[in-house]
Amino acid sequence: MNENFLYSNPELYEKVYPDVNNQRIKMCLIKIQRYLGELPSCLADFGCGLGRESNAFSSLGVDVTAVDINRDMINFAKRNGSATFILEDVCTVKLNQKFEVILSLGNVLSCFTSNQKLNAFLDNVTSHLEDDGLLIINLWNGARFLGKDIKELAHEVTIDIEGSNTCGKSIFILDRKNQQIKRIRNWTVSNAEIAIDNFSYRLFFPEELRYILESKGFEVVSMEDNDELIEGDFSGLELTITSKLTKR
Ligand SMILES: C[S@@+](CC[C@H](N)C(=O)[O-])C[C@H]1O[C@@H](n2cnc3c(N)ncnc32)[C@H](O)[C@@H]1O
């Protein structure tokens with residue numbers, strides 16, 4: 001079972017993974033401008049987490065519906081903006097609406113370690129997207145890890161909130177057969193253990209994801225290996241894929 005202490009502690013999540021300079025939001029705005037020409041009237045955010053992008057688009061006048069399976073994330077997001085937040089599984093939720101844009105950012109897709117879950121997610125995205133609607137996904141880039149070990153990922157984070165000394169120490173194991181990175185993270189407060197995460201991220205390769213998206217009726221309009229949209233050699237950590245639903 002995937003356990004992620006940070007998902008249940010959004011304030012810590014925000015400190016560990018800040019969106020420096022609102023880079024993700026800027027990236028989405030650029031993609032939308034390029035492939036839609038204008039802001040959409042409605043947008044869905046699947047796996048919205050803290051609701052950063054949802055609330056940013058809502059503040060621009062877009063009608064935003066955001067879904068996450070984690071109650072703590074949804075409660076945090078609701079306190080920080082005006083998008084509509086729904087506590088549900090993105091693989092099964094029925095919103096009775098189609099959207100011009102769907103976002104699924106920050107490794108949501110990597111959480112679907114089984115093909116069955118992945119399939120359910122993509123079918124549900126497709127059923128909620130308008131014809132020619134835009135899907136923007138971003139996740140860890142499997143190609144980065146080709147032929148590498150993953151020691152580079154090991155890290156320790158210490159967050160001092162109101163005098164508490166919260167520390168997370170991670171080790172990563174590469175499971176090549178299942179194309180997964182497993183992270184084991186020990187959390188301590190003032191050296192006393194409070195939680196252990198066991199979390200697996202599925203790795204996708206760029207062309208693999210193109211193929212999967214095409215099989216669901218999408219045309220991939222751009223791929224980058226970063227969220228700053230700089231042309232790269234696909235050794236970057238963040239795979240950003242933008243696609244349009246052109247066939248049903
Ligand atoms: C790494 S966070 C990314 C959050 C946000 N999109 C961002 O970029 O900051 C992944 C989020 O996906 C959510 N998630 C994972 N599986 C989900 C599912 N089946 N249905 C809904 N949300 C899910 C988690 O609860 C978590 O909030």
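Reader: Which residues is Ile-102 in contact with, leaving aside its neighbours within four places in sequence?

Author: Two residues are in contact if their C-beta atoms, placed from the backbone, lie within 7 Å. By that rule, Ile-102 touches Ala-44, Phe-46, Val-125, His-128, Leu-129, Gly-133 and Leu-135. Keep in mind that this is a predicted model, where local features need pLDDT of at least 70, side-chain atom pairs count only at pLDDT 80 or more, and totals for chains, interfaces and linings use all residues. Residues are numbered from 1 along each chain as its sequence is written.

Reader: Where does the largest nonpolar core come in?

Author: In soluble globular proteins, nonpolar side chains tend to be buried together. A nonpolar core is a set of buried Ala, Val, Leu, Ile, Met, Phe, Trp, Tyr and Cys residues joined through C-beta atoms within 7 Å. Buried means that 20 or more other C-beta atoms lie within 10 Å of the residue's own, all placed from the backbone. Here the largest core has 53 residues, and Ala-77, Ile-102 and Leu-135 have the most contacts inside it. Strand β5 (residues 129-140) gives the most to this core, seven residues; strands (E, at least two residues) and helices (H or I, at least four) are DSSP runs, numbered from the N terminus.

Reader: Why is helix α3 largely enclosed?

Author: Seven of the eight residues of α3 (residues 52-59) are buried, so the rest of the structure largely encloses this helix. Those buried are Arg-52, Glu-53, Ser-54, Asn-55, Ala-56, Phe-57 and Ser-58. Their cover includes α2 (23-35), β1 (42-46), β2 (63-68), α4 (71-79) and β4 (99-104). After α3 comes Gly-61, with a positive phi near 95 degrees.

Terms used
A residue is buried if 20 or more other C-beta atoms lie within 10 Å of its own, exposed if 12 or fewer, and partly exposed in between; C-beta atoms are placed from the backbone.
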